[in-house]
Amino acid sequence: MGQGQSNAPISTVSNPPQDDGITWWCKIGAKGMCVLGGIGAVIAGLFRCITFTPLCLVAGIMLMLQGFFLILMEAPCCCQFLDFIQPVSRFSERRGPFQKALIYGLPAILPLILCFSVTSAIGCALVFASGGIYGIIALGKKADKETMMTRARGEEVEMKETLIANEQSASVQ
């Protein structure tokens with residue numbers, strides 16, 4: 001060992017995942033739906049490519065690419081034979097649910113605009129549904145029943161107490 005070098009092992013383990021409030025079964029369900037949606041989009045894009053119009057051909061190719069992108073981002077284990085999988089997997093894991101909703105949902109509209117047909121509508125709906133699931137996850141957990149009932153009646157006690165306390169402190173000054 002040279003001077004200034006330590007013999008401590010280098011840790012290859014990344015930081016443990018932080019608790020984002022999303023249950024494990026919800027994460028697995030969203031990933032599963034995205035993989036199924038991606039497979040369906042690839043199949044729908046393949047059928048969409050059987051055409052004589054160039055715009056429908058482009059829409060079918062785009063649909064297949066979007067399906068492959070979904071599978072690549074959500075289940076990199078399906079594409080282990082590709083060299084660039086690890087950076088894509090790390091990029092995907094760092095994205096939040098809202099970002100994934102936008103990344104998956106917005107491009108799904110373009111093939112439908114280029115060539116409106118049943119197969120492109122089904123494929124785009126599958127990709128858009130994958131983005132929609134992540135959009136719902138991004139909304140977060142709903143409140144408990146008592147809190148929702150209190151807010152529905154307009155009886156937010158904590159808010160009223162805070163306002164009364166602020167008014168009293170302002171009138172004293």
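**Exercise 1. In this predicted model, work out which residues of helix 2 meet which residues of helix 6, and describe how the two helices pack.**

Solution. 
- Step 1: start with the contacts. On the helix 2 side you'll find L63, Q66, L70 and E74. Their partners in helix 6 are T119, S120, G123, C124, V127, S130 and Y134.
- Step 2: look at the spacing. An α-helix has 3.6 residues a turn, so residues three or four places apart point the same way. Keep that in mind while you go through the two contact lists.
- Step 3: get the geometry. Two packed helices are described by the angle between their axes and the distance between the axes. For helix 2 and helix 6, the angle is about 30° and the axes are 10 Å apart. Angles under 35 degrees count as roughly parallel, so helix 2 is roughly parallel to helix 6.
- Step 4: Helix 2 and helix 6 cross in a left-handed way.

**Exercise 2. Take S130 from that contact list: is it buried or exposed, and what does it touch?**

Solution. 
- Step 1: S130 is part of helix 6.
- Step 2: check the accessibility. The relative accessible area of S130 is 0%, so this serine is buried.
- Step 3: list the neighbours. Leaving aside residues up to four places away in sequence, S130 touches M33, C34, G37, L70 and Y104. L70 also turned up on the helix 2 side in Exercise 1.
- Step 4: follow one neighbour. C34 has 0% relative accessibility, so it counts as buried.

**Exercise 3. How many salt bridges does the whole structure hold, and which residues are linked in a network?**

Solution. 
- Step 1: recall the idea. Side chains of opposite charge can pair when their charged atoms come close.
- Step 2: count. Searching the whole structure turns up three salt bridges.
- Step 3: begin with K31 and E74, whose side chains pair at 3.5 Å, N to O. This bridge links distant parts of the chain, with K31 in helix 1 (residues 24–48) and E74 in helix 2 (residues 54–74), 43 residues apart.
- Step 4: stay on K31. E93 also bridges to K31, with the closest N and O atoms 3.3 Å apart. Since E93 is in helix 3 (residues 85–94) and K31 is in helix 1, the pair ties together parts 62 residues apart in sequence.
- Step 5: go back to E74. Its side chain meets that of K100 in a salt bridge, again with an N to O figure of 3.5 Å. Because E74 sits in helix 2 and K100 in helix 4 (residues 97–105), parts 26 residues apart in sequence are tied together.
- Step 6: join them up. K31, E74, E93 and K100 form a linked network of salt bridges.
- Step 7: E74 is buried, with a relative accessible area of 4%, and K100 is buried at 6%. K31 comes out at 24%, so it counts as partly exposed.

**Exercise 4. Find the disulfide: which cysteines does it join, and which parts of the chain does the pair tie together?**

Solution. 
- Step 1: search. The whole structure has one disulfide.
- Step 2: name the partners. The bond runs from C56 to C115, with an S to S distance of 1.9 Å.
- Step 3: assign the hand. The torsion about the S-S bond of C56 and C115 is about 75°, so this disulfide is right-handed.
- Step 4: C56 lies in helix 2 and C115 in the loop between helix 5 (109–114) and helix 6 (118–139), so the pair ties together parts that are 59 residues apart in sequence.
- Step 5: check the cover. C56 and C115 are both buried.

Key:
Residues are numbered from 1 along each chain as its sequence is written. This is a predicted model: local features need pLDDT of at least 70, side-chain atom pairs count only at pLDDT 80 or more; totals for chains, interfaces and linings use all residues. Side-chain values use heavy atoms; hydrogens and water are left out. A salt bridge is a side-chain nitrogen of Lys or Arg within 4 Å of a carboxyl oxygen of Asp or Glu. Helices (H or I, at least four residues) and strands (E, at least two) are DSSP runs, numbered from the N terminus. Buried means under 20% relative accessible area, exposed over 50%, partly exposed in between (1.4 Å probe, protein chains only). A disulfide is a pair of cysteine sulfur atoms within 2.5 Å. Axes are lines fitted to C-alpha atoms, for helices over the stretch in contact, and angles run from 0 to 180 degrees between N-to-C directions. Angles under 35 degrees count as roughly parallel, over 145 as roughly antiparallel, 65 to 115 as roughly perpendicular and the rest as oblique. A crossing is left-handed if the near helix is turned anticlockwise from the far one by less than a right angle, and right-handed if clockwise. Contact means heavy atoms within 4.5 Å.
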